[in-house]
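Thank you all for coming; I would like to walk you through one structure this morning.

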Amino acid sequence: MLLLLLAGCSASRIASDSPPAYPPSYSQEIYGVEVINRDGIQLDHPFHGGFNLPRPQLVDIDGDQDLDLFLQELTGQIKFFENTGMPTAPSFTWRSDHYLDLDVGEWYRFVDLDQDGDYDLIGETIFSYVRFFRNEGTPASASFAAPLDSLRDANGVPLFIDRQNIPTFVDLDCDGHLDLLIGRVSGTVLHYESVGSDASGLPRFQLVTDRFEDIEILGMFATLHGANALAFHDIDRDGDQDLFWGDFFEAGILLIENTGTCQEPNLRNEPVAYPPDDPIKTSGYNSVQFADVDGDGVFELLFGVLGGAFNPSSSAVNNLYLMDPTDERLMLTTPTLLSGIDVGADSYPVFADLDGDGDQDLLISNKISPYDHTTATIHYYENTSDGSQIRWAQRDPFNIGGNYNLAPALADLDADGDLDMLLGTWNSGSLYYRNDGTAETPHFVLDESKTVTLTRGSNSTPTFVDIDGDGDLDLFIGESSGDLNFYLNNGTPEQPQFDLISDKFEGIDVGRRNVPRFLDIDGDGDQDLILGREAGGVLLYLNEGTTKLPLFVESGTLPAPFPILAVPAFVDIDLDGDMDLFSGGLGGGLSFFINTQY
Amino acid sequence: MVKTRFCSLVCLLLLGAHLAYAQTDKVVFSEDVLPIIQQDFAPLLERETGLSLDSWDSIMAGSQHGEIVIPYDPDGSLLTRLARMLSSDDSLSEMALRVSDEDLAIVRSWISEGAPNDNGQIAFSDASDLLYVCIQGGATINVIDMNANVIIRSIDLQSLGFTADARPHHVAVEPDGSAFYVSLIGDDRVLKFNQDNQLIGQIPFERPGMLVVSPTDSLLFVGRSMKAINPPQRIGIIERNGMDSEELDVFFPRPHALAIDPTGAYVYVGSLAENRIAVIDHAAASPELQTIEGDPHTLVQFAVSPDGQTMVVGGQLTGQFFFFDTSDPSNPTLEESIQVGMAPWHPVFTPDGEYVWFGNKMGNRATVVNLDERTIAGTVEGLSEPHGAAISPDGQTVYISNNNLNGAYAGRYTWQDSTPPGFVAVIDSETREIKRMLEVGPNPTGLGTR
């Protein structure tokens, strides 16, 4: 694992006195900073970006006899973590957020569909049809052919799978042909069997029955309105495949035992919560796989929590479970197979010196606390770098809450030498917290009389900049609609007075979720405008005016693969003289893009 | 899917006969069609109680069970379906063979032209009390005349370029009936039709679900369906004239239940995944959240009373039915809840606001709740996965769609296609008796009236 060294002690990274070149260049880092959580444990993948609804699958994609990990968080993309450890001691290393740029739609499955000895990839194509990526490489080096037509049944009709229902492939009856099992909204299961290929080489499937084994999963409350994810595994080691069912209306995992044989399966049995003695309970809609993760001959249970009818906000963290079956029971190995910074959903990072020690600490807030649904939380990571190693240590979260989508902006708003806070919220405007403590030990006190409200809309995202060069800080606030609000400080550095100048500043509309930042990114001495947004990357408006009279010109996007709901935060984390870039996002984690100019 | 198969088989078989017939004179009902119906089709119609084949009027009025002809829809009309779509298991199937291809082609041609009488009059052209039915499993919209209680038109979405899996889910109608809107949860679109059932607008929309029109301005609000692993946590706001849209964050996952207060100022959105309601002052684009305590309820759909004083919603998982005081529409206050049984689905108020009707999806019945007493006033049994609910303008008739996915309601005929048909129950609101079960396409869902 590569950790970045601080510039002062690094031979490779030398702080430069010359200004950074424009445009900047960034390289995504998943590691690079030693991040210690509140339990004193170092996070394995600190900048994986967070997971809200991971759909995992373990397969040996590179033929090295260990299981690599794929995860789907977003529609169309799968993340790839290569197993760089040993078959008996897996160690996953991030390789890509968008594996081979393949668009898998709403779900994916790796399976050797053409039975040529390597894994093909199956996914969804718009809308609810089935895309087949044939692996035309080798078991050691996968290479997927461009998708052709949707997979079709034996009559040539495209296979249709409601896109919220994740199917599974298995040789259910040991006849050498793969079966395709599709859970339906009605709780019944479609059973198809592979019947070879068509003239173009696309596999074809014959519908066997639309009521497989008369299964009808209606959940404990008997519902129709659902979504599901299916998997098979021989859990009782009796030589046949048992069915595991995750469902939107099921907090756990249902097991239907196969009491037949491999050749003649019998799944006409009542579903039971798994494991029977101590059923799993999450927010529901669990996506299951069994795999021998540690090469001990026993298949572990791996599942992601997609979040069903049982408060999915609570599973915005701790949602990638690994459980180890023993003779007695199923033991929880970890609810967080890949540990990283993850505060829930819609993470919002800012950097500031919160303890007055001269370095930049991290505040990262969320949309809603996974543990307290009445509020969001501001998490605090202290910069504890020691001169040679960049290190963050998680401290207790700020005792500030009562609102959602917290978006702090820190600045000395009363010229008393410490940092005050303007805290954007979902629908309560931007709240002013005066620091009644010190620069070293802040104590934030709410002054409701100075709340800044929007004329219309929600999701206030404030930031400060002296936009007119008059020596005091002016205020910009982004909002959910994509508009940008500009408030001129007509007061003083000691007593600011923010007067709304425009609630559609310069007519800028980023689409949705405007998050403004200012930085002299081109090194010309004035502040440029940088805008996070929901999708499409982070926008850059270069200031082609002056420090007193700005002129913002749309100048493309920053060259980095930002997550959905990008919230950029700039800091020279390695003290090499250029501004590195972090971003919050939908996943609730932190993305790190190191500036490679120096 | 059903129609595709029908066309690919039956239509091709009839093509020769139809082309031959098309070379002859125009069909005249009394001369060309009526004799065929009276002779060839009459034996097939023996289960259509109350049906008279004496005249164009009586034929178009249908039987006690509903229509036998849907103008412009030869594929969906019972008359033609009986001739070629019956299963061999149905005892009438042998008699169906007596209808020749030539005679069937004449009848189909007549229906394709709108099934006019000798004067060219098209039945139900002036119907005004219309009920729109989304046939989710069949990519069609059925239009029911709420005075005659028959299907009078059918809109085939595939013929308009949408897929067989377009899945129309919900419908909302302009207050003056001049247009209606349909969400396609399969094709990710919201459509606009005029009162002549012509498609006049559409907009791509990610996972659309429930729809509601503002009674006071030109906005259409759109919730989200279940058709995604993680649908957007936003509702859509569509300007109905130009069909332009913007979206508004509602904070919680799976925004589904949707209603608007009679003043048009506040929109209410409920979650399928959390016990939360967003109250949206849409002029200010500012949502406020409310939380309902207790186990996960899964709020399916709202209804607001005609006087705007009360809002109701059912919990799919708990069977609780909630009453909110909306006298201050900006701040709905939960007053109480009652237990109404399994999976209360789409509620609808009677015009006088005295009762609320809804289907219990997993209970196969409809429930009537007395609003003043907050008690169950009655139930109607014999339904099959009831879904949408609507009521006639005079309050005399309640309509409830029945998904009937498991085929619990058998209907009068056994069709070649094993997909169970759906039904719309026509219920007398006073006696609470089912007057008829109108057979529609598979999996009917949302209902809409003006």
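What you see is a predicted model, in which local features need pLDDT of at least 70 and side-chain atom pairs count only at pLDDT 80 or more, while totals for chains, interfaces and linings use all residues. Residues are numbered from 1 along each chain as its sequence is written, and chains are lettered from A in the order in which they are written.

Between the chains, 35 residues of chain A are in contact with 31 residues of chain B.

Turning to the backbone, the peptide bond from Tyr22(A) to Pro23(A) is cis, with omega near 0 degrees, and another cis bond joins Tyr274(A) and Pro275(A), where omega is about -15 degrees.

In chain B, Asn364(B) is not a glycine, yet its phi is positive, near 55 degrees; Arg432(B), also not a glycine, has a positive phi of about 60 degrees. Asn364(B) counts as partly exposed because it has 19 C-beta neighbours inside 10 Å, the class between buried, at 20 or more, and exposed, at 12 or fewer, with C-beta atoms placed from the backbone. Arg432(B), with 16 such neighbours inside 10 Å, therefore counts as partly exposed too.

Notes: Two residues are in contact if their C-beta atoms, placed from the backbone, lie within 7 Å.
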